[in-house]
Amino acid sequence: MSLYIAAIDQGTTSTRCMLFDRRGEVAAAHQREHQQIFPRPGWVEHDPVEIWQRTQEVVVGALREAEVAPSEIAAVGIANQRETTLVWNRHTGRPYHNAIVWQDTRTDALCAALSEHGGQDRFRAKTGLPLTTYFSGPKIRWLLDEVDGLRAAAERGDALFGTVDSWLVWQLTGGVHVTDVTNASRTLLMDLQRLDWDDGILSALDIPRCMLPEIAASSASAPYGHTLEDGPFGTALPVCGILGDQQAATVGQACFDPGEAKNTYGTGCFMLLNTGEHIVHSQHGLLTTPCYKLGDGPAVYALEGSIAITGALVQWLRDNLGLIESASEIEPLARTETDSGGMYFVPAFSGLYAPHWRDDARGVIAGLTSYVNKGHFARAALEATAFQTREVLDAMRADSGVDLQRLKVDGGMVVNELLMQFQADLLDVPVIRPRVAETTALGAAYAAGLAVGFWSDVDELRSNWSAHHSWNPSMDACVREAHIAQWKKAVERSLGWIDG
């Protein structure tokens, strides 16, 4: 009897495999980090072979930890870092180049050149996205232009493109080349309405269509493929759920009704607001994206606010400055002071994402005086995440007309009580952490489980969700507005640092 769903959660800094039971509880988990490669300032890469190796290791580790036989697993789902761009040979499986990570800014000149005709919103009406370095399309074009022999291989049909989900499915199944609507939407190449690649945009970016995977539902009415018997699962299991990590967290948080929102605090920070079956085009710097597509049902859409640097700022304080030895030390250090000492930290290391979309921005520390110590520094770093989230929420209110009543939160940073309280204070709404905090992996499990009938419908998934802890706002409105005004001044000083 099948007792579990396996979810592979391939993120920016690590890969993990988790097994979930019918109540959505974690039965086992295994996680491994992978190398972050920085060839030049602003360039970020991953080794695709290492990612596949880590994936195999965590699958084996999770099965061993739970003492689960493969026959007890009903299906496999995948959640993945989005926009990260891979190309590999159809026949050998060898990558042509390291994966170019979503944070990478090497395509800034290309994006500027493409924006000369139609501006940054040149493709927004079809894709819901601005033309920036964030998305996969310009990264594919860069690889085609810069990697010797790649364009010829692509035009012959030998070179395949995929986001990380496609790479993992291809490896797990022995050659199925597929993606889902949520990941396809992050390439800047998919028509939101038709849920298919757009030939006009492909032509504008000079990308051969034959490189691209088939676009499928997030929860497949028929499996994309089956795992290989000599693969990490050791048997043929249906692979039938794929969601980009932020959409996976939205599903894992059971945000199935229009107007429900979640925010994930990880390497970056990503807030999604379910807008139902209607495509809402943002007028305030947000992204329009598919939220999920379950089987043969219609696509459900969302507004998204993407922030590049949140948890990554804590890692930077640890790895680059040596201010802390582990990420868990940031909260005790921040608690040595009652405020940030008037300092504001705008972590625009790769430009600013939503709602600004400014590739020319760079990091700024504003309000620095000799009074400031490392406790203030730690507190300002945490507060930067909350301030950026407030900007996104303001844009969502303006676009949707919805005043959120509460915000569901997840991700590694939600264990930080200081940050969560400051977030509730800045948003002036309750912030709620669920009982099962691993919502990204859970969402991938839900997508796969729905496909095979492990769970009957979304109502059953809603019943699995419950709150673990809430933070209620307690900050005086005048203090809140003063903080926000100072933050906006700091953001202004980060803009235009890189000359066009």
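1. The side chain of His34 reaches the backbone oxygen of Thr12 at 2.9 Å, a polar contact (a pair of N or O atoms within 3.5 Å; within protein, one must be able to donate a hydrogen and the other to accept it, and residues adjacent in sequence count only if both atoms are side-chain atoms). His34 sits in the loop between strand 3 (26-33) and strand 4 (45-46); helices (H or I, at least four residues) and strands (E, at least two) are DSSP runs, numbered from the N terminus.

2. A word on the basis: this is a predicted model, where local features need pLDDT of at least 70, side-chain atom pairs count only at pLDDT 80 or more, and totals for chains, interfaces and linings use all residues. Residues are numbered from 1 along each chain as its sequence is written, and side-chain values use heavy atoms, with hydrogens and water left out.

3. Back to His34: with a relative accessible area of 6%, this residue is buried (under 20% relative accessible area; exposed is over 50%, partly exposed in between; 1.4 Å probe, protein chains only).

4. Leu188 has phi of about 75° and lies in the loop between helix 7 (181-184) and strand 10 (190-191); at 0% relative accessibility, Leu188 is buried. Leu195 has phi near 55°, lies in the loop between strand 10 and strand 11 (196-197), and is buried at 18%.

5. One more backbone point: the peptide bond from Ala354 to Pro355 is cis, with omega near -5°. Pro355 belongs to the loop between strand 19 (344-346) and strand 20 (364-366).
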